[in-house]
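Below is a short note on two parts of the model, for reading alongside the coordinates.

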Amino acid sequence: MTSHRRAIFLDRDGVITANVYYERWKEWEAPMSPGDVELLPNAAEALLRFQRKGYLLFIVSNQGAYAKGKIALESLVATAKHVEALLAGAGVEITESYYSYSHPQGVVSDFSGISLERKPSPYFPRLAAASHGVDLSNSWMVGDRDTDILCGRAAGCRTLRIFSPHAEAASVTPDLEAQTLFDAVEMLVNFVS
Ligand SMILES: [Mg+2]
């Protein structure tokens, strides 16, 4: 298969979906149940625009809450399905969603410790490239954390950071930065290296 298709690899939380404040842990977290899912304003519209420009769309997301003992795995899987259903309802075609449910400091034995697929590993973008003929050097990783930028860079993609009020301070420099996914569309499509 020739590798000629361009893709956008999307971190999910803080980019497509809003993070949620959980009183239980007094922390902003990824949504952990379907009822907590809210798409960020104009996120679906941004994805439709990428789609119309011919980009394949992939979600690449770390969801460590089950590994950390916070929630049932079923709830995280149902949440992921709900996000995909909302996007599909808006006409967005996600070619594939890749989730890592492990965590290096987890407490659930089979889901804890070193994992090959968890970002910043480029495992999932590399797998997407092999599976769907993606040209990684003409593709982008879009996320709100250093791990997203490092994942994209390690995969040989260009990188764009979305501002998120709940991400840790950035210490890795992406190729581009934008306030929202919607703002990112024109910047990214018109990017000339
Ligand atoms: Mg994020």
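1. The model is a predicted one. Residue numbers run from 1 along each chain as its sequence is written.

2. The burial applies to both faces of β4. One side carries L56, F58, V60 and N62, while L57, I59 and S61 are on the other.

3. Which strands pair with β4? Strand β1, residues 7-10, pairs with β4 in the parallel sense over 4 bridges. Within this pairing, F58 of β4 has F9 opposite it. Strand β5, residues 96-100, also pairs with β4 in the parallel sense, here over 5 bridges. S61 has Y99 of β5 as its bridge partner.

4. Helix α2, residues 73-89, forms a β-α-β unit together with β4 and β5, and the unit is right-handed.

5. Turning to the helix pair, α1 (residues 43-52) packs with α5 (residues 181-189) at an angle of about 20°, and their axes are 8 Å apart. Angles under 35 degrees count as roughly parallel, and the two helices are therefore described as roughly parallel to each other. The crossing of α1 past α5 is left-handed. On the α1 side, the contact is made by A43, E45, A46, R49 and F50. The α5 side contributes L181, F182, A184 and V185.

Methods:
Predicted model: local features only at pLDDT ≥ 70, side-chain atom pairs only at ≥ 80, totals over all residues. Buried ≥ 20, exposed ≤ 12 C-beta atoms within 10 Å, placed from the backbone. Pairing = 2+ DSSP bridges. Right-handed = clockwise from strand over helix to strand, strands pointing away. Axes fitted to C-alpha atoms, helices over the stretch in contact; angles between N-to-C directions. Parallel < 35°, antiparallel > 145°, perpendicular 65-115°, else oblique. Left-handed = near helix turned anticlockwise from the far one by under 90°. Contact = placed C-beta atoms within 7 Å.
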